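Dear colleague,

I am handing over the structure below, and my notes on it follow. Please read them with the coordinates open beside you.

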Amino acid sequence: MVKNPVITSAGLVKVGRHFDKGLRELAAEAALQVIDEVGVEPDYLIVSSALSGVLCHQERLAEIVARHLGLKRVPAVRIEAGYLSGAAAVAMACSLVKSGAARHVLVVGVEKATDLPSAQLNRALLALRDADYEAPSGVTEEGLAGCLMKLYMEEHGVKREELTVWPVLMHDHASRNPYAQLKFKVAPEQVLSSPVVADPLRLLDVYPVGDGAAAVMVSSPESVEKSGAAAEIAGVVQVTSEAEALEPVFKATREAASTLYSALGIEAFKVEVVEIMDTYTITGLLALEALGFAKPGEAAVALAEGSIKALVNPSGGCKARGHPFGATGVYQVAEVYMQLTGSFPGLKAEDPELGLVHALSGLDSQALVMILRRAW
Amino acid sequence: MGRPENGVGIAGWGAYIPRYRLPASEICRVWGFEPSTPKNLGVEEKAVAGPDEDSATMALEAARYALRRAGIDPSKIGAVFVGSESKPYAVKPTASFVADAIGASPKTMASDLEFACRAGSEGLRASIGLVSSGMVEYALAIGSDTAQASPGDVLEFTAASGAAAILVGPRSNGCAAWFEGSYTYVTDTPDFWRREGSPYPVHGEAFTGDPAYFHHIVGAVKGLLEELGLKPSDFDYAVFHQPNGKFPLKVAKILGFPKEKVLPGLVTPKIGNTYNASALLGLCKVLDEAKPGQRILLAPYGSGAGADAYSIIVDDGIEERRTKAPALSALLSRRKVIDYALYVKFREKVRRITW
């Protein structure tokens, strides 16, 4: 007897440079797929976008999306929590459904990042840093990630070449995902010779910039037919850390994961498919360890040896599927939903029952772990 | 059924490339670019106009060579068009300066045109029209630029200086090659622009690719092939606008032209992107070697955006005209390497005051 909120439909837009589409067109492309499939109008709309204000000069985005979708009288809000926006939006939707405030919540993640030239985009991204203490110093997230990568290599005696395993794996997975932005494989040598972004981080260790939109309908189990494919949201834990990771351990992720596993009475090895928010190679590896899929310092080796049972980022992750900032979390939830219901059009996990979504803000400044289970 | 272009031929052609070269490695050294950047652009060095040169002086040099090859009385020239996005004057035509200097004035049309990198080509299409109608006997179309780029912008690797002139006249008077057909494809696409008063242009980075360069060149070439009933295999050479050393090869692949047909007309790796002269200099290089009867595709492109496509058939008259002026390879090998400091001085990128 499923008591948790369920997802019965997901819609995705291929991540990429959509020069001919703006925020509302992208949102509609994902959302209308879901509204049509579920066949009901939602009684709440949550739009997640991390930077629509600075990238597109558009706040009040949820109303604009609601109107564009032709939804009448629906309460509409936009959620923002940096890269965590999408996953947090789904978590909020769960709360609305569990409280009985809504029966169907449409969550639409959307980001339009490719309208600005690089210099302006980088300035816009500074809005995700502390405006008083970090942004004026000129430090970027990439710079901090580079430092973290260096610390990780020093602490665990890991060689630079070993860390190419992550982008190589992500690109291999994305090459099979029709929704991925970078659908080409890469070799380790290409990673090591790609332009330096923030040493030792190279271009092929960093997410690409792209537009995207993803939508899911989160519903109360009583309000849906028990016949179709569905995934229940078994649990969510969201933790803000004391400080952004200044040493190579993702404490917020670790705490969120262990709290959730405890609450559900499961261990990491029970999860068969995961979508980790790998904004950088080092984020992906540290998250894998913090989630309990590998011991500290051993994530790269574990991946290389194939000793992790769970299928890691079959979508290609942020690295290759893409990272449309505030929409990414919804992509991840949609992808795990599709894995659990056997409908993912790329690399598939074998008959999975449990899936995990990991999202973070910054470098584990805040982390969210969500477990989904095949509903019926 | 003949087309109006068929009665029009290239009476003479001329190229001018300044001698100074700035190696891409100098830009890397000063601005901290990785060596992979110029490698990915396919550009080794670029031609830089000297301190006493500008788009007008270069236009004149190219025009003189074209006239030498044509061997005609310059008073028979009834129109001079200069396409440039780096005019010495916002108001004061380069065309009247060139017309006067070569002896085409006073009985002549003269005008400067702007359409980013394809204004010279627009002048060529207009020239073909004027000659085919009989309104003028000969018309001179020039593309000339001392292209600008903001210091430290990746555009600095390719923004270069050069000029090319095409003198067209009645095919029946004898020519090096004649026009089988021409086509222009234009839309309002803001991929690259320079505001009035701005010393440097801005560009839309990735937006300058698929929706701009590729879309318009493919549109123009496909339009031309359809109208003429031709296929890529009917052509011996394919000369495209060359903003870097890679785009022409990529668009050739999309259209189905093998790279062997593109390489003879690819000059950007050695001199950078000469903007209005870009595709036309590629044509000049091909005319230095092409044989009578061969068919050349010429496809210039300009941001904003638009592309042209011409089918040009080489005539018997090419051999006698070829040797009357320096070959492009001679201009390419006339080189003096400068460093970034001299480049900045020559291109007036440092502000000086005198009092």
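In chain B, the charged end of B:Arg118 sits over the ring of B:Phe115, at 4.6 Å from the ring centre, where sitting over a ring requires NZ of Lys or CZ of Arg within 6 Å of the ring centre and within 35 degrees of the ring normal. B:Arg295 likewise lies over the face of B:Phe235, 5.8 Å from the centre of that ring.

Some conventions apply throughout. This is a predicted model, in which local features need pLDDT of at least 70 and side-chain atom pairs count only at pLDDT 80 or more, whereas totals for chains, interfaces and linings use all residues. Residues are numbered from 1 along each chain as its sequence is written, chains are lettered from A and ligands numbered from 1 in the order in which they are written, and side-chain values use heavy atoms, with hydrogens and water left out.

Aromatic pairs

Rings of Phe, Tyr and Trp (its six-membered ring) pair if their centres lie within 6.5 Å, and planes under 30 degrees apart count as stacked, over 60 as edge-to-face and the rest as tilted; by this rule there are 17 aromatic pairs over all chains. One of them joins B:Phe33 and B:Phe157 edge-to-face, with 4.9 Å between the centres and 70° between the planes. B:Phe33 lies in the loop between helix H1 (24-31) and helix H2 (36-41) of chain B, and B:Phe157 in the loop between strand E6 (138-146) and strand E7 (161-170) of chain B, so the pair ties together parts that are 124 residues apart in sequence. Helices (H or I, at least four residues) and strands (E, at least two) are DSSP runs, numbered from the N terminus.

B:Phe33 is partly exposed, with a relative accessible area of 22%, while B:Phe157 is buried at 2%; buried means under 20% relative accessible area, exposed over 50% and partly exposed in between (1.4 Å probe, protein chains only). The rings of B:Tyr213 and B:Phe214 are also edge-to-face, with centres 5.0 Å apart and planes at 80°, and both of these residues are buried. In chain A, ring pairs link A:Tyr83, A:Tyr207, A:Tyr280 and A:Phe325 into a cluster.

Burial and cores

Helix H10 (residues 281-290) of chain A is mostly covered, with 10 of its 10 residues buried, among them A:Thr281, A:Gly284 and A:Glu289. After H10(A) comes A:Gly292, which has a positive phi, near 90°.

A nonpolar core is a set of buried Ala, Val, Leu, Ile, Met, Phe, Trp, Tyr and Cys residues joined through side-chain atoms within 4.5 Å. The largest has 132 residues, of which A:Leu106, A:Val218, A:Phe293 and A:Leu372 touch the most other members, and its largest share, 9 residues, comes from helix H4 (residues 85-98) of chain A. Apart from it lies another core, of 43 residues, including B:Phe81, B:Leu124, B:Val267 and B:Ala277.

Leaving aside neighbours within four places in sequence, A:Leu372 is in contact (heavy atoms within 4.5 Å) with residues including A:Ile7, A:Ile233, A:Val336 and A:Leu354.

With kind regards
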